[in-house]
Amino acid sequence: IQSTDGATYGIVFAFLVSLVLSFYEVLCMLASRAIKDYLKDINNIIDIARGTFCILYFFLYLLDIDRSASAYILVILTTLSFVRGITYFTLFSGTRYLTRLIKEVIIDMRAFFVIFLYTTTMFCLLF
């Protein structure tokens with residue numbers, strides 16, 4: 001693997017870390033008595049998806065198959081990593097309330113978007 005700017009080395013490092021963490025997630029899943037219970041937690045699903053997308057992005061980047069597909073995979077990977085990173089703030093008592101507040105706002109946004117889309121559609125049909 002050759003790179004003039006060091007980006008490939010960063011991707012290889014991220015791939016190796018993701019591989020180790022994905023292996024740990026598989027061990028945790030197998031160690032739990034019921035895999036169904038393990039998969040009920042959204043954080044576990046995010047971790048598995050994040051590891052899968054990281055490995056997929058690594059191979060798409062390394063083999064230089066499809067730049068547009070790898071860009072979409074990178075966006076999904078970054079979003080999943082951001083969401084999982086936000087959940088780590090629940091470890092601290094000062095930020096625990098804020099993370100719950102963000103979660104509630106996101107849940108309540110669904111109702112807002114339904115009303116927003118309905119209103120926008122009706123105004124489009126009127127004019």
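How far is the sulfur of cysteine 28 from the closest cysteine sulfur?

## Cysteines

The sulfur of cysteine 28 lies 18 Å from the closest cysteine sulfur, which belongs to cysteine 54, and this is too far for a bond. A disulfide is a covalent bond between the sulfur atoms of two cysteines. The criterion applied here is a pair of cysteine sulfur atoms within 2.5 Å, and by this rule the count comes to 0 disulfides.

Cysteine 28 counts as partly exposed at 25% relative accessibility, and cysteine 54 counts as buried at 11%. These classes rest on relative accessible area: buried is under 20%, exposed is over 50%, and partly exposed is in between (1.4 Å probe, protein chains only).

## Basis of the model

This is a predicted model, in which local features need pLDDT of at least 70 and side-chain atom pairs count only at pLDDT 80 or more, while totals for chains, interfaces and linings use all residues. Residues are numbered from 1 along each chain as its sequence is written, and side-chain values use heavy atoms, with hydrogens and water left out.

## Salt bridges

The structure holds 4 salt bridges, each defined as a side-chain nitrogen of Lys or Arg within 4 Å of a carboxyl oxygen of Asp or Glu. Asp47, Arg50 and Arg84 are linked in a network of such contacts. Between aspartate 47 and arginine 50 the closest N and O atoms are 3.0 Å apart. These two residues are 3 residues apart in helix α3 (residues 42–63), and are therefore separated by about one helical turn. Helices are DSSP runs (H or I, at least four residues), numbered from the N terminus.

Aspartate 47 also forms a salt bridge with arginine 84, with the closest N and O atoms 2.9 Å apart. Because aspartate 47 lies in helix α3 and arginine 84 in helix α4 (residues 67–87), this pair ties together parts that are 37 residues apart in sequence.

Another salt bridge joins aspartate 64 and arginine 67, whose closest N and O atoms are 3.0 Å apart. Here aspartate 64 is partly exposed at 42% relative accessibility, and arginine 67 is exposed at 53%.

## Helix α4

Helix α4 has 21 residues, which at 1.5 Å a residue should span 30 Å; its end C-alpha atoms are 30 Å apart, in agreement. The expected span is taken as 1.5 Å times one less than the number of residues.

The buried residues of α4 are Ser70, Ile73, Leu77, Leu80 and Arg84. They cover an arc of only 90° around the axis, so they are on the same side of the helix; the arc is that of the directions from the helix axis to the C-beta atoms. On the other side of α4, Arg67, Tyr72, Val75 and Phe82 are exposed.

## Nonpolar surface patch

A nonpolar patch on the surface is formed by Tyr97, Leu98, Leu101, Ile102, Val105, Ile106, Met109, Phe112, Phe113, Phe116 and Leu117, with about 1,100 Å² of accessible area together. Patches are made of residues with over 30% relative accessible area and no salt bridge; like charges are joined within 9 Å and nonpolar side chains (Val, Leu, Ile, Met, Phe, Trp, Tyr) within 5 Å. Accessible areas come from the Shrake-Rupley method with a 1.4 Å probe, and for residues only the protein chains shown count as cover.

Among the patch members, leucine 117 is placed in helix α5 (residues 93–126). Leucine 117 counts as exposed, at 52% relative accessibility.
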